[in-house]
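Visitor: Hi, I'm new to this one. Could you walk me through it?
Guide: Happy to, let's have a look together.

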Amino acid sequence: MTKPPFRLTPYQVQFLLVIGFITVGYALYVRYLAIELSTVALACDGGLQTLLCQARVLSTVLFKNSVFGITALVIAVLHVMRPSIVLLTGGLIAAGLGIVLYNVALSGIAIGLLILGFARPAPATA
């Protein structure tokens, strides 16, 4: 008994596009307007307690410990073993955050594995 190949419907592709753009957009916002902007960094380091400063502290702790990249890699390996839309979405979110927030190597490998999850054997010819 063979398993059916993993294929996405057009609605799932649109969903993944929206999730990908939102994830990368938020990561770009945190990176360039919270982490690297010196005025915000000085204000947050000076004790300002805003949601932006809390997001800055959280993302800094996570990327220093390579959490984004490791999470993306684990989810991608699971997706290769057992493809599903849930694992693909989780891997896309973690890899998108990791690529923008300084975990490029592990997240890049995870993206390659997520793509490899679509690989399937060629149909037999008679």
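Guide: What follows is a short chat about a predicted model.

Visitor: Let's start with disulfides. How many does the structure hold?
Guide: It holds one disulfide. C44 is joined to C53, with an S to S distance of 1.9 Å.

Visitor: Is the disulfide of C44 and C53 left-handed or right-handed, and why?
Guide: The torsion about the S-S bond of C44 and C53 is about -80°, so this disulfide is left-handed.

Visitor: Are C44 and C53 buried or exposed?
Guide: Both C44 and C53 are buried.

Visitor: New topic: where is H79 found?
Guide: H79 sits in helix α4, which spans residues 67-81.

Visitor: Buried or exposed, that H79?
Guide: Buried, because its relative accessibility is 0%, and the cut-off for buried is under 20%.

Visitor: What is H79 in contact with, leaving aside its neighbours within four places in sequence?
Guide: Its contacts there are F6, S84, L87, L88, L114 and G117.

Visitor: How do the axes of α4 and α6 cross?
Guide: Helix α6 covers residues 104-116, and the two axes come within 8 Å and cross at roughly 15°. Angles under 35 degrees count as roughly parallel, so α4 and α6 are roughly parallel to each other. The crossing of α4 and α6 is left-handed.

Visitor: Which residues meet there, in α4 and α6?
Guide: From α4 they include F68, I70, L73 and H79, and from α6 they include L106, I109, L113 and L114. By class, the contact of α4 with α6 has twelve nonpolar, three polar and no charged residues.

Conventions: Residues are numbered from 1 along each chain as its sequence is written. This is a predicted model: local features need pLDDT of at least 70, side-chain atom pairs count only at pLDDT 80 or more; totals for chains, interfaces and linings use all residues. Side-chain values use heavy atoms; hydrogens and water are left out. Helices (H or I, at least four residues) and strands (E, at least two) are DSSP runs, numbered from the N terminus. Buried means under 20% relative accessible area, exposed over 50%, partly exposed in between (1.4 Å probe, protein chains only). Contact means heavy atoms within 4.5 Å. A disulfide is a pair of cysteine sulfur atoms within 2.5 Å. Axes are lines fitted to C-alpha atoms, for helices over the stretch in contact, and angles run from 0 to 180 degrees between N-to-C directions. Angles under 35 degrees count as roughly parallel, over 145 as roughly antiparallel, 65 to 115 as roughly perpendicular and the rest as oblique. A crossing is left-handed if the near helix is turned anticlockwise from the far one by less than a right angle, and right-handed if clockwise. Ala, Val, Leu, Ile, Met, Phe, Trp, Tyr, Cys and Pro count as nonpolar, Asp, Glu, Lys and Arg as charged, and the others, Gly among them, as polar.
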